[in-house]
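Thank you all for coming. Please have the sequence and the model open while I talk, and let me take you through them step by step.

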Amino acid sequence: MAAPAPIRMRFLDWYLKISIGAALIGASMELFMIKTDEKVTVLESEKRAWESSPEAQAMREALNPWRNQDTEAEKRS
């Protein structure tokens, strides 16, 4: 009867499978990020351009529920 292999050697193949799977998942995530980088950059620049426009600033002021509190506080003092 052969002696059982040490614990380190017994689970070596399992650790290799897990590490290879994790490396493949990480590589696929990086590839996805590289492929979509240009699209995200364009979307972010369009968003910044919109946020700095007068229309967006007017909309932000109109939707701000605290816009009148500063004027009321100045009137009281």
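I will begin with confidence and the overall fold, and then turn to a few residues and the surface.

What you see is a predicted model, in which local features need a pLDDT of at least 70 and side-chain atom pairs count only at pLDDT 80 or more, while totals for chains, interfaces and linings use all residues. Residues are numbered from 1 along each chain as its sequence is written, and side-chain values use heavy atoms, with hydrogens and water left out.

The protein averages a pLDDT of 84, and 86% of the residues score at least 70; pLDDT is the predictor's confidence in each residue, from 0 to 100. Confidence is highest in helix 2, residues 12–51, at a mean of 93, and lowest in helix 1, residues 7–10, at 68. Where pLDDT is low, the predicted coordinates should not be read in detail.

As for the fold, the protein has four helices and zero strands, and these terms refer to DSSP runs numbered from the N terminus (helices are H or I, at least four residues; strands are E, at least two). Of its 77 residues, 4% count as buried, where buried means under 20% relative accessible area, exposed over 50%, and partly exposed in between, with a 1.4 Å probe and protein chains only.

Which residue sits in the loop between helix 2 and helix 3 (54–63)? That residue is S53, and S53 is buried because its relative accessible area is 15%. A polar atom of the S53 side chain lies 2.7 Å from the backbone oxygen of W50.

The structure also holds one aromatic pair. W14 and Y15 form this pair, which is edge-to-face, with 5.3 Å centre to centre and 70° between the planes. For such pairs, the rings of Phe, Tyr and Trp (its six-membered ring) must have centres within 6.5 Å, and planes under 30 degrees apart count as stacked, over 60 as edge-to-face and the rest as tilted. W14 itself is partly exposed, because its relative accessible area is 49%.

Finally, the surface: the protein exposes about 7,600 Å², of which carbon and sulfur atoms supply 64%, with accessible areas taken from the Shrake-Rupley method with a 1.4 Å probe, and for residues only the protein chains shown count as cover. M9, which is placed in helix 1, counts as exposed because its relative accessibility is 56%.

Note on methods: A polar contact is a pair of N or O atoms within 3.5 Å; within protein, one must be able to donate a hydrogen and the other to accept it, and residues adjacent in sequence count only if both atoms are side-chain atoms.
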